[in-house]
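Take a look at its sequence and its fold, and then we will walk through a few parts together.

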Amino acid sequence: MQFDLVEDGASPWDSKHPVLEILRQRRATNSRPGSRADGDTAKVGLAVEGGGMRGVVSAAMLAALEDRGFGYAFDAVYGCSSGSINSAYFLAGGTWYPVSIYYDDLTTRRFISFTRAFRGGNVLDLDYAFGEVVEIIKPLNYDRVLASPVRLHIAITDVEGISTRLISDFTDRADLKAALLASSWLPIAVRGTATFRGWRALDGGVVTALPFRLALLDDCTHVLSLSTRPMRPSAGRLSVQHHYTHRYLERIKKGLGSAYLESVRQRHRDQLDLAVRRGGHHPPPYVLDLAPLPEDTEVKRHELRSHLLISAARRAYSLMYCAVEGRPVALLREGRLHSVPRLTVVDPCP
């Protein structure tokens with residue numbers, strides 16, 4: 001993408017935030033995992049939220065990070081749900097694939113169909129997503145992910161343990177694919193549970209809503225968090241959908257629905273905390289959460305309109321550009337900075 005750049009202005013975050021500063025320093029020194037100039041004093045994590053089709057937002061942010069030279073600036077990547085798939089493509093060095101997947105390949109009744117649910121099927125067809133899109137149409141290079149010097153951590157909900165497991169010790173290609181599938185097993189939209197390594201599993205965001213918490217638990221000193229909902233205050237109330245999901249999860253495992261509701265409440269609290277942390281004056285560990293601007297429209301979890309997904313991707317890409325390059329978001333808000341999608345060829349049989 002290319003940009004129109006003009007004078008400076010204000011930003012919703014501190015342009016010299018410690019997370020941005022260490023990322024820029026690592027890029028400037030061509031830092032690589034295992035040979036950091038900052039040695040063992042810093043562990044920089046990248047936390048990637050999904051949220052169904054909202055994942056187009058974090059995918060576009062990752063594309064901007066890759067294009068701007070930050071592919072090796074992180075020590076670990078933490079993803080859940082569609083954010084884990086985006087993270088895998090990022091580590092494989094092909095982040096443009098998942099961005100286009102959302103508006104090219106998933107905006108079809110083949111993938112999302114509410115009428116299937118009335119016939120006893122799933123709203124989301126994960127067989128199509130993983131068996132055709134990720135495997136054939138725009139293939140994920142699993143071997144590159146496994147060989148990446150930046151470790152991928154995939155969040156998966158352990159149904160029996162009512163907890164979030166962070167998986168990074170993938171044994172092979174099939175194990176990695178199974179982890180991605182389990183992390184994307186969205187309750188209600190996909191019936192029942194996945195099976196991963198012999199245990200029942202669900203979407204990684206069920207009991208841990210925002211993955212930056214997983215990065216902090218893994219001793220990261222700096223965390224760049226990519227959220228897919230706009231950065232505006234939450235209403236703080238539980239919706240009808242939340243209560244329906246609670247009852248659904250309770251039928252799967254007693255206590256799981258209650259843990260889910262607590263994770264929703266924790267997300268509301270976290271969003272307030274993350275807003276404060278954007279100022280850059282919070283004591284370590286440092287967290288910078290980037291998300292769509294408050295005035296942006298939130299992408300629906302099951303959005304099928306390609307033009308809305310493309311628009312959200314362009315805005316998210318531009319926002320990430322502004323953050324890492326120290327450009328004012330006023331340019332984006334005033335329509336003076338533009339991200340222009342680029343074309344590439346995806347040939348499964350070169």
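## The largest pocket and its helices

In this predicted model, two helices each give at least two residues to the lining of the largest pocket: α10, spanning 240-252, and α11, spanning 256-277. Helix α11 provides the largest share of that lining, with five residues.

How many residues line the largest pocket? The count is 35, and those nearest the pocket's centre are R54, R229, H242, Y260 and R301. The volume of this largest pocket is about 810 Å³. Sorted by class, its lining holds 13 nonpolar residues, 13 polar ones and nine charged ones.

## A covered helix

Now turn to helix α4, which runs over residues 96-105. Is α4 mostly covered or mostly uncovered? The helix is mostly covered, as eight of its ten residues are buried. You can find the buried ones at W96, P98, V99, S100, I101, Y102, Y103 and D105.

What do these buried residues of α4 pack against? Their partners are four helices: α2 (55-67), α3 (82-92), α6 (126-137) and α12 (306-325).

## How confident is the prediction?

Across the protein, the pLDDT averages 92, and 96% of the residues score at least 70. Residues 1-9 are a stretch to view with care: their pLDDT is below 50. In the model, this stretch has 30 contacts beyond near neighbours in sequence.

Terms used:
Residues are numbered from 1 along each chain as its sequence is written. This is a predicted model: local features need pLDDT of at least 70, side-chain atom pairs count only at pLDDT 80 or more; totals for chains, interfaces and linings use all residues. Side-chain values use heavy atoms; hydrogens and water are left out. pLDDT is the predictor's confidence in each residue, from 0 to 100. Contact means heavy atoms within 4.5 Å. On a 1 Å grid over the protein atoms alone, a cavity is a set of points where a 1.4 Å probe fits but cannot get out, and a pocket is an open set with protein on both sides within 12 Å along at least five of seven lines; lining residues have an atom within 4 Å of a point. Grid points are joined across faces, edges and corners, and a volume is the space filled by probe spheres set on the points. Ala, Val, Leu, Ile, Met, Phe, Trp, Tyr, Cys and Pro count as nonpolar, Asp, Glu, Lys and Arg as charged, and the others, Gly among them, as polar. Buried means under 20% relative accessible area, exposed over 50%, partly exposed in between (1.4 Å probe, protein chains only).
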